[in-house]
Amino acid sequence: MTSRVLSLSLTLLLAAAAAAASAPAEAGFVVPEGGFVLDGGDIEAASLAEGSCLDPSLAEEPGATAAAEPSLMASASASPALDPQAAPAPRPMAFEYSDGYRTRLKIHKYASFATLPLFIAQFAVGQKLYDGNASDGTRSAHSALAVSTAALFGVNTVTGVWNLYEGRKDPNKSTKRKLHGILMLAADAGFVATGMLAPDDDDEGGGGGGGNRSTHRTVALASMGIATVAYLIMLIGN
């Protein structure tokens, strides 16, 4: 009886061991060979001791902070520093012109509007004279236009040179006005030469004027061209 009980007990023990061995292990409790398991408290303690977070993807690289500091310093040094002792930009100095200057400037400006119309008319009339197809009325018109051109340039030369002289000490004077004045004076000299080279009659090389039609025409056109450039410098600039 006793041996039968012992055999039955041994059989139950072997069956229980076989059942336990064949049952699947629960997730989270499989430990690799030579490993060990820490509970939640141990993991937290280990994380605090190491100074890192639980998620390795959120952990900063050891050299990240050290590398960021030189970058910030480099960018700060690259930006231009504001010097509190830097001298401010100089302001334009005021220069007071007289009422006469303003009056002469208006005369000079409004008279100059007749420049291009006079040149066009003089060229058209002069071309007829040069081609030999001119009537007495054309010759009279040519003379009248020549006198008008001389009067215009006389007025503008006086007003322009006078104003240039008054503004000679203006620290803000522009180079454009100087260039305009120089070119207009060159055109004045050209128109004086044009009158001196004008022939007295219609014959080629005719005489008392000291020149011929070809030279007279060439100098006149050159003077008109210089004056037109000087006129446009001021017109476009304004």
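How many aromatic pairs does the count come to?

Guide: The model is a predicted one, and in it the count comes to 4 aromatic pairs. A pair of aromatic rings is described by the distance of the centres and the angle of the planes. For Y110 and F113, the ring centres lie 5.9 Å apart and the planes meet at 70°. Because an angle over 60 degrees counts as edge-to-face, the pair of Y110 and F113 is given that description. As for solvent, Y110 has a relative accessibility of 54% and therefore counts as exposed, whereas F113, with a relative accessible area of 43%, is partly exposed. Elsewhere, ring pairs join F119, F153 and F191 into a cluster.

Aromatic rings also take part in arrangements with charged side chains. R168 is placed over the face of Y165, at 4.0 Å from the ring centre. R217 is likewise found over a ring face, that of Y130, with a distance of 4.9 Å from the ring centre.

The next topic is the salt bridges. A search of the whole structure finds 3 of them, and each may be taken in turn.

One joins R102 to D99, with 3.4 Å between the closest N and O atoms. Both residues belong to helix α4, which covers residues 99–112, and they stand 3 residues apart, about one turn of the helix. D99 counts as exposed because its relative accessibility is 62%; R102, at 38% relative accessibility, counts as partly exposed.

Another salt bridge is formed by the side chains of R104 and E166, at 2.6 Å from N to O. This pair links distant parts of the chain, since R104 lies in helix α4 and E166 in helix α6 (residues 136–166), 62 residues apart. R104 is buried: the relative accessible area is 11%, and a value under 20% is what the term requires.

A further salt bridge connects D136 with R139, the closest N and O atoms being 3.1 Å apart. D136 and R139 are separated by about one helical turn, because they are 3 residues apart in helix α6. Here D136 has 60% relative accessibility and so counts as exposed, while R139, at 30%, counts as partly exposed.

The C-alpha atoms of A111 and V155 are separated by 8.0 Å, although the two residues are 44 residues apart along the chain. Leaving aside residues up to four places away in sequence, A111 touches L152 and N156.

Finally, there is the surface to consider. L232, L235 and I236 form a nonpolar patch there, and together they have about 290 Å² of accessible area. I236 is part of helix α8, which comprises residues 213–237. The relative accessibility of I236 is 70%, so this residue counts as exposed.

To draw the account together, helix α4 holds both R102 and D99, and also R104, whose partner E166 is in helix α6. Helix α6 contains the pair D136 and R139 as well. The aromatic cluster consists of F119, F153 and F191, and the nonpolar surface patch is made up of L232, L235 and I236.

Technical notes: Residues numbered from 1 in each chain as written. Predicted model: local features only at pLDDT ≥ 70, side-chain atom pairs only at ≥ 80, totals over all residues. Heavy atoms only, no water. Patch = residues over 30% accessible without salt bridge, like charges linked within 9 Å, V, L, I, M, F, W, Y side chains within 5 Å. Areas by Shrake-Rupley, 256 points an atom, 1.4 Å probe, with all protein chains shown as cover. Salt bridge = Lys/Arg side-chain N within 4 Å of Asp/Glu carboxyl O. Helix = DSSP H or I, 4+ residues; strand = E, 2+ residues; numbered from the N terminus. Buried < 20%, exposed > 50% of the residue type's maximum accessible area, 1.4 Å probe, protein only. Phe/Tyr/Trp six-rings, centres within 6.5 Å; stacked < 30°, edge-to-face > 60°. Lys NZ or Arg CZ within 6 Å of the ring centre and 35° of its normal. Contact = heavy atoms within 4.5 Å.
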